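Please keep the sequence and the structure in view while reading.

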Amino acid sequence: MLRQFRICLLMLMLCTTASVRMSAQARSGADYVERFRPTAVLLMEKTGIPASVILGISMVESAMGTSKIARLLNNYFGVKGKNHVKFRSAYKQYETAEHSFKDFVRIVHTKKYYHLLKGTKDYKKWLKAMNAHGYAEAKGKWIKDVSQMITRYHLDEIDKEDYVIDDDGDYLWGVDSTLLKFQE
């Protein structure tokens with residue numbers, strides 16, 4: 001009887017720990033989306049790349065901002081290039097996270113598929129095209145991971161909202177009159 005009680009108690013503790021961990025992950029995901037949503041929306045409005053694609057890829061590639069390259073290099077997309085860190089890394093360093101986001105859309109803008117998909121809000125088409133043109137090394141797993149992030153946090157809903165961008169391209173307003181500013 002005591003053994004069964006201990007097993008039940010252990011199972012309850014494990015479930016509680018898992019629940020707390022899942023809740024913390026959900027919170028960190030929501031925090032990540034809240035932090036980078038204005039940047040992703042402004043870039044979507046400027047480039048025609050869906051905010052869901054921008055956010056979903058950055059969430060996967062940077063482990064929601066917790067990866068070493070995100071923390072130390074402000075690199076949220078796994079872009080390779082020069083850096084000035086003391087440890088050995090093949091990844092590009094950015095001044096800010098937002099610079100990483102801007103460089104990502106600049107890179108996508110240079111790809112052949114960009115002009116075919118510009119303005120298309122179907123994230124699945126974007127991911128398939130990016131994968132087919134070698135964006136990620138993990139191929140099918142990468143599409144699955146990014147798609148799961150997009151659906152888990154309803155990022156495709158962001159793509160469907162209406163926004164008005166100012167003449168300078170630095171501010172935009174959502175339909176609920178919320179003001180978003182691009183962070184430098």
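The model shown here is predicted. Its chain has eight helices and three strands, and along the sequence these follow the pattern α-α-α-α-α-α-α-α-β-β-β.

**Burial, contacts and surface**
- Of the 184 residues in the chain, 39% are buried.
- Among the contacts in the chain with a separation of 6 or more, 52% are between residues 24 or more positions apart.
- The chain has an accessible surface of about 11,200 Å², and carbon and sulfur atoms contribute 56% of that surface.

**Helix α2 and what follows**
- Helix α2 is mostly covered, with nine of its 11 residues buried; the buried residues are A51, S52, V53, I54, L55, G56, I57, S58 and M59.
- Just after α2, A63 takes a positive phi of about 50°.
- M64, which lies in the loop between α2 (51-61) and α3 (68-73), has a positive phi of about 55° although it is not a glycine.
- M64 counts as buried because its relative accessibility is 18%, and the cut-off for buried is under 20%.

**The loop between α7 and α8**
- H154 is placed in the loop between α7 (140-152) and α8 (155-160), and this residue, although not a glycine, has a positive phi of about 50°.
- H154 counts as exposed because its relative accessibility is 52%, and the cut-off for exposed is over 50%.

Technical notes: Residues numbered from 1 in each chain as written. Predicted model: local features only at pLDDT ≥ 70, side-chain atom pairs only at ≥ 80, totals over all residues. Heavy atoms only, no water. Helix = DSSP H or I, 4+ residues; strand = E, 2+ residues; numbered from the N terminus. Buried < 20%, exposed > 50% of the residue type's maximum accessible area, 1.4 Å probe, protein only. Contact = heavy atoms within 4.5 Å. Areas by Shrake-Rupley, 256 points an atom, 1.4 Å probe, with all protein chains shown as cover.
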